Amino acid sequence: MSEKKALVVIDMQNDYLWDKRKPKFSYHTASLVSAVNSAAADYKAKGYDVIYVAQMFPNIITNKWFIGFSVKGTEGAELYSGLDVVSDLYFEKQLPDSYSSRAFREHMAKQGYSEVVLCGLDECGCVGATAKGAAKTGVKVFMLESCIGCRFPEDKVRKMRQSLSSLGVKYI
């Protein structure tokens, strides 16, 4: 039996990528989405499961006012319309680390993945947090560098990469 592997696509949602996004989400949408779509097709062809994870805050008035993005039930919280969704594997999370979602964590354990490749948003946010969460489970963790957006300064990126490298996470 071959080892199970997964490409995990994190937070590729309208609120971070569409024209109506908040100015702080300064990602280069066209190139990032193109790279992630190519990776999803390539990894699926190699036999990887492709899993989508979305940040989802409860739809309560304080989240609408104070957070203002990724609020459950809003168009902004949906997966970005330009994203090629190549599988039905979809999970929602309320915290940065995808492993904080019970459904995601249980799926990963049940499937027994030996390797995860991460992409999406943001290297110093949810992708980095998920890499740390994955490393704690003992699987091989790879960051697909060309398919990860980041809106943070270089010094923060350097610290995140050092932290992840110390956990055995590899950049490819």
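User: In the loop between α3 (61-67) and β3, is D84 buried, partly exposed or exposed?
Analyst: The model is predicted. D84 is found in the loop between α3 and β3. Buried requires under 20% relative accessible area and exposed requires over 50%. D84 has 41% relative accessibility, so D84 counts as partly exposed.

User: Which residues does D84 touch, not counting residues up to four places away in sequence?
Analyst: The C-alpha atoms of D84 and S38 are 46 residues apart along the chain, yet their separation is 8.9 Å. With residues up to four places away in sequence left out, the residues touched by D84 are N37 and Y52.

User: Which residues of helix α4 are buried, and where do they fall around the axis of α4?
Analyst: Helix α4 covers residues 102-111, and its buried residues are F104, H107 and M108. Seen down the axis of α4, these fall within an arc of 95 degrees, so they line one face of the helix. An α-helix has 3.6 residues a turn, so residues three or four places apart point the same way. The buried residues are thus F104, H107 and M108, and their arc is 95 degrees.

User: Which residues are exposed on the other side of α4, and which strands are included in what covers its buried residues?
Analyst: The cover over the buried residues of α4 includes the strands β1 (5-10), β2 (49-55), β3 (90-93) and β4 (115-121). On the other side of the helix, the exposed residues are R102, A109 and K110.

User: How are helices α5 and α6 oriented to each other?
Analyst: Helix α5 (residues 126-137) packs with helix α6 (residues 154-166) at an angle of about 15 degrees, and their axes are 10 Å apart. Angles under 35 degrees count as roughly parallel. The crossing of α5 and α6 is left-handed. The orientation of α5 and α6 is therefore roughly parallel.

User: Which residues meet between α5 and α6, and how many are nonpolar?
Analyst: From α5, G128, A131 and K132 meet M160, S163 and L164 of α6. The residues of this contact include 2 polar and 1 charged, and the nonpolar ones number 3.

User: What is the separation of the C-alpha atoms of R158 and C124?
Analyst: R158 lies in helix α6 and is partly exposed, with a relative accessible area of 44%. R158 and C124 are 34 residues apart along the chain, and their C-alpha atoms are separated by 9.5 Å.

User: Which residues does T29 touch, not counting residues up to four places away in sequence?
Analyst: T29 is part of helix α2 (residues 29-45). With 12% relative accessibility, T29 counts as buried. Beyond residues up to four places away in sequence, T29 touches L17, R21 and Y80.

Definitions and conventions: Residues are numbered from 1 along each chain as its sequence is written. This is a predicted model: local features need pLDDT of at least 70, side-chain atom pairs count only at pLDDT 80 or more; totals for chains, interfaces and linings use all residues. Side-chain values use heavy atoms; hydrogens and water are left out. Buried means under 20% relative accessible area, exposed over 50%, partly exposed in between (1.4 Å probe, protein chains only). Helices (H or I, at least four residues) and strands (E, at least two) are DSSP runs, numbered from the N terminus. The arc is that of the directions from the helix axis to the C-beta atoms. Contact means heavy atoms within 4.5 Å. Axes are lines fitted to C-alpha atoms, for helices over the stretch in contact, and angles run from 0 to 180 degrees between N-to-C directions. Angles under 35 degrees count as roughly parallel, over 145 as roughly antiparallel, 65 to 115 as roughly perpendicular and the rest as oblique. A crossing is left-handed if the near helix is turned anticlockwise from the far one by less than a right angle, and right-handed if clockwise. Ala, Val, Leu, Ile, Met, Phe, Trp, Tyr, Cys and Pro count as nonpolar, Asp, Glu, Lys and Arg as charged, and the others, Gly among them, as polar.
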